[in-house]
Amino acid sequence: MTWLNTANAGDKVTDLEARWQTDVLDARPDVVSILVGVNDAGRHILDPRGYPIPAERFEAGYDRLLAPLAEAGTELVLIEPFLLPIRGTVEAGAALIGEKERERWRADLDPKIQAVRRLARRYGAHLLAADGRFAELAATSGAEHWAEDGVHPTPAGHAALAAAWLRLVA
């Protein structure tokens with residue numbers, strides 16, 4: 001068995017599309033697991049030069065990624081993007097992210113989560129409901145335990161995602 005990780009931190013769906021043939025399709029994978037979307041929703045909030053990506057455009061691009069895989073019979077595992085409800089202000093590069101920015105980010109992310117759910121249904125993919133799972137976990141032990149900045153998982157957050165992924169596909 002061979003595992004390939006072709007992820008690039010900070011990628012959006014359009015970034016995946018640009019390298020999808022070489023990084024994924026040419027490998028002829030049996031299983032593909034995808035976690036994308038939080039950057040499609042949050043990048044313009046963090047970077048004043050960024051631009052909003054409408055949910056429809058996000059979904060159409062994601063669909064273009066999935067269609068050739070589904071046609072080839074590849075098993076698909078879609079992981080919802082997530083944003084944990086942390087408190088206070090955190091630094092993200094040069095940007096400061098507070099409650100107001102997180103509210104805007106959440107409002108932009110929710111339609112993209114719905115798009116991932118629709119695509120999972122359309123393609124018969126496994127869906128790892130990461131946003132909901134992290135919200136449940138955060139309610140009992142605090143969001144910062146799982147992702148200090150709300151986006152990048154801590155070791156505990158990574159372990160929770162891995163365990164959920166294994167339960168889903170095993």
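This is a predicted model: local features need pLDDT of at least 70, side-chain atom pairs count only at pLDDT 80 or more; totals for chains, interfaces and linings use all residues.
Which residues does K112 touch, not counting residues up to four places away in sequence?

Residues are numbered from 1 along each chain as its sequence is written, and side-chain values use heavy atoms, with hydrogens and water left out.

View 1. K112 sits in helix α4; helices (H or I, at least four residues) and strands (E, at least two) are DSSP runs, numbered from the N terminus. With a relative accessibility of 0%, K112 counts as buried. Here, buried means under 20% relative accessible area, exposed means over 50%, and partly exposed lies in between (1.4 Å probe, protein chains only). Leaving aside residues up to four places away in sequence, K112 touches G37, D40, A41, I53, P54, A55 and F58. Contact means heavy atoms within 4.5 Å.

**View 2. Helix α1 beside helix α3.** The axes of α1 and α3 come within 9 Å and cross at roughly 30°. That makes the two helices, α1 and α3, roughly parallel. Axes are lines fitted to C-alpha atoms, for helices over the stretch in contact, and angles run from 0 to 180 degrees between N-to-C directions. Angles under 35 degrees count as roughly parallel, over 145 as roughly antiparallel, 65 to 115 as roughly perpendicular, and the rest as oblique. V13, T14, L16, E17 and W20 of α1 make the contact with R57, F58, G61, Y62, R64, L65 and L69 of α3. By class, the residues of this contact of α1 with α3 are seven nonpolar, two polar and three charged. In this scheme Ala, Val, Leu, Ile, Met, Phe, Trp, Tyr, Cys and Pro count as nonpolar, Asp, Glu, Lys and Arg as charged, and the others, Gly among them, as polar.

**View 3. The salt bridge of R64 and E17.** Let us stay with two residues from the previous view. The side chains of R64 and E17 meet in a salt bridge, at 2.6 Å from N to O. This pair links distant parts of the chain, with R64 in helix α3 (residues 55–71) and E17 in helix α1 (residues 13–23), 47 residues apart. E17 counts as partly exposed, at 26% relative accessibility. The structure holds 13 salt bridges, each defined as a side-chain nitrogen of Lys or Arg within 4 Å of a carboxyl oxygen of Asp or Glu.

View 4. E99 forms a salt bridge with R102, and their closest N and O atoms are 3.0 Å apart. The two residues, E99 and R102, are three residues apart in helix α4 (residues 99–123) and therefore separated by about one helical turn. E99 is partly exposed, with a relative accessible area of 42%, whereas R102 is buried, at 6%. What is the distance between the closest N and O atoms of R106 and D110 in their salt bridge? The value is 2.7 Å. Being four residues apart in helix α4, R106 and D110 are also separated by about one helical turn. R106 is partly exposed at 22% relative accessibility, and D110 is partly exposed at 34%.

**View 5. Helices α5 and α7.** Helix α5 (residues 130–141) and helix α7 (residues 155–169) pack at an angle of about 125°, with their axes 11 Å apart. The two helices, α5 and α7, are therefore oblique to each other. A130, R133, F134 and L137 in α5 meet G157, A160, L161 and R167 in α7. This contact of α5 with α7 has five nonpolar, one polar and two charged residues.

**View 6. L128 in strand β5.** L128 belongs to strand β5 (residues 126–128). At 4% relative accessibility, L128 counts as buried. Not counting residues up to four places away in sequence, L128 touches L78, I79, E80, L161, A164, W165 and L168.

**View 7. R28 in a loop.** R28 is found in the loop between α1 and β1 (31–35), and R28 is exposed, with a relative accessible area of 73%. The phi of R28 is near 50°, a positive value in a residue other than glycine. Most residues other than glycine have a negative phi.
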